[in-house]
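Work through the exercises below with the sequence and the model side by side, and try each task before reading its solution.

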Amino acid sequence: MAGGVSLNVGYTLQINPDTCASISSITADLYFQGKQSVPVALGVAADPESHVIHTGYKFPQNGINSVIRGCLRLPLNLAGLETIERLRDGEQADFRLTVRGSALILNPTEKTWDACMFKVDGGMPMSAQVQVSRDLWAPQVRAVSPMGSILVEVPLAASRTPPWNTVWEQLDKAAGHLAQGGESGWEGCIAKIRQALELRAKIEKIPPGPPKSDHDQDRRERLNGLAKALFHYSSLAVHADRHTTQWSRADAILAYSTLCAILAVQDP
């Protein structure tokens with residue numbers, strides 16, 4: 001995304017120059033472990049400067065290993081960063097990776113240099129591990145945006161089965177209006193959020209009328225109360241006198257992010 005956000009993993013390789021003439025195209029399959037049993041694939045990180053040793057170099061004959069250092073980079077957008085944050089769930093960041101690359105290896109039988117692929121995994125996929133403490137990770141996430149954005153997941157409509165997919169369809173339309181911008185775009189975003197809230201209320205079978213006293217409300221009822229308040233806030237975007245209200249980007253973000261957070265907590 002703008003600003004060039006990426007996940008960078010430094011690495012060190014030791015090679016024997018008597019048997020390895022060159023290494024290039026170093027990449028890594030990168031995963032996040034988290035609390036789930038199966039690591040989640042994040043993508044392929046690459047080192048664009050991994051042409052580290054060339055065949056024309058006159059290697060020493062004493063067999064001393066050469067140390068190769070580099071940095072694997074995985075470009076991230078906000079959606080990818082949010083995925084990591086959701087999986088991290090407040091704990092340390094726990095990455096797993098399998099490093100791959102190309103090499104020219106000495107064939108002792110034929111006395112030739114053969115091109116081949118290599119993999120660094122200790123015989124077990126994702127055996128390499130990189131852990132980042134919470135104290136180190138959290139400031140980096142907040143530094144992604146100069147305003148210290150908080151990331152909230154917005155699943156695609158296709159990731160929800162009926163009838164909840166209809167709610168996410170309205171969320172998707174609201175995101176389109178928000179991206180469009182301008183007063184008409186912001187008003188359209190808020191109107192779609194209201195429609196999503198209306199659909200949610202029907203699915204949840206929220207009873208009409210005033211809520212119980214605060215003392216008697218459980219967590220679900222308080223969440224529904226928050227949704228009702230947002231519904232009333234958004235209603236001005238569809239009423240006949242809506243043109244008398246000046247909508248701003250901040251209004252649209254408030255409505256959009258609040259509903260996203262409600263759905264993230266509810267996780268229907």
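**Exercise 1.** Determine which residues of helix α1 (residues 78–88) are buried, and what they pack against.

*Solution.* Begin with the terms: helices (H or I, at least four residues) and strands (E, at least two) are DSSP runs, numbered from the N terminus, and buried means under 20% relative accessible area, exposed over 50%, and partly exposed in between (1.4 Å probe, protein chains only). By that criterion G80, L81, E82, I84, L87 and R88 are buried in α1. Next, look for contacts (heavy atoms within 4.5 Å): the buried residues of α1 pack against β2, β3 (40–46), β5 and α2. Finally, follow the chain past α1 to D89, whose phi is positive, near 55°.

This is a predicted model, in which local features need pLDDT of at least 70 and side-chain atom pairs count only at pLDDT 80 or more, whereas totals for chains, interfaces and linings use all residues. Residues are numbered from 1 along each chain as its sequence is written, and side-chain values use heavy atoms, with hydrogens and water left out.

**Exercise 2.** Locate S25 and K111, and state whether each is buried, partly exposed or exposed.

*Solution.* S25, which is not a glycine, has a positive phi of about 55°; S25 sits in strand β2 (residues 20–32) and is partly exposed, at a relative accessible area of 41%. K111, also a residue other than glycine, has a positive phi near 60°; K111 belongs to the loop between β5 (93–107) and β6 (112–120) and, at 67% relative accessibility, is exposed.

**Exercise 3.** Find which residues a cis peptide bond joins.

*Solution.* The bond joins P162 and P163, with omega about 0°, and P163 lies in the loop between α2 (134–142) and α3 (164–180).
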